[in-house]
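Hi,

Here is the structure for you to look over. My notes follow below it.

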Amino acid sequence: MKFTKYIFTLFAFTVLTGCEVNDYVQPTELPEPTQMGKQTFGVRINEAIWTPFQRYRSNPNFKPVPVVWGRLQNETLRLTVTNQETRESISLMVDKVKGVGMYKFMTYFPKNAIEFTPYASVYQRCVGGNCGQYPVAQTGENEVIITHFDPITKIYAGTFKVTFHNKDNPSEIFTLKDGRFDVRGE
């Protein structure tokens, strides 16, 4: 019995501590715009370069949540990216996508949608224990240009600019520009 407990404890320890931690390096440039499903994303937020970051490397026993995720479902393109170091995420949705072209990000989910938030496209961040959701500003920029659209290979690429704001304090604005993404969807 002691041997079994020892083996179980050793196995659990190996599984739980088998993840390696990546070192965060502040990006100095945006990723090159590509159209090959490279899982890249980059944008300037109020002029600062922002890219996703995966805190933990995967190991054979544990697969972390991807930091760049995309999916096309019923003509709605959904992108979600996360920076686990800065505790920020960006969720973007584009409705009625039929191919390459210019679109706008959705601001709200349809009324019958079952979601955790009413905002379809939102910038989220936590600073000093204060977390907030910033929806698309109605008066700011909101443009996404799909430059590659292939539902067969599930590769979607494009560029974008959009403005998010604090709904309780509209003067708190986050301007995202020079955005680019290249995702291989689910």
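Serine 121 counts as buried because its relative accessibility is 0%, and the cut-off for buried is under 20%. Please keep in mind that this is a predicted model.

Where does serine 121 sit? It is in the loop between strand E6 (101-103) and strand E7 (122-127).

The side chain of serine 121 has two backbone atoms to note. A polar atom of this side chain lies 2.7 Å from the backbone oxygen of methionine 106. A polar atom of the side chain also lies 3.1 Å from the backbone nitrogen of methionine 93.

Six strands make up an open sheet, and their order is E2-E1-E11-E10-E9-E6. The pairing is antiparallel. Strand E2 (48-50) and E6 are the edge strands, each pairing on one side only. From one strand to the next, the twist averages 20°.

One pairing in more detail. Strand E1 (residues 40-45) pairs with strand E11 (residues 169-184) over five bridges, in the antiparallel sense. Which residue in E11 is the bridge partner of phenylalanine 41? It is phenylalanine 181.

Best wishes

How values were computed: Residues numbered from 1 in each chain as written. Predicted model: local features only at pLDDT ≥ 70, side-chain atom pairs only at ≥ 80, totals over all residues. Heavy atoms only, no water. Helix = DSSP H or I, 4+ residues; strand = E, 2+ residues; numbered from the N terminus. Buried < 20%, exposed > 50% of the residue type's maximum accessible area, 1.4 Å probe, protein only. Polar contact = N/O pair within 3.5 Å; in protein donor to acceptor, adjacent residues only side chain to side chain. Pairing = 2+ DSSP bridges. Axes fitted to C-alpha atoms, helices over the stretch in contact; angles between N-to-C directions.
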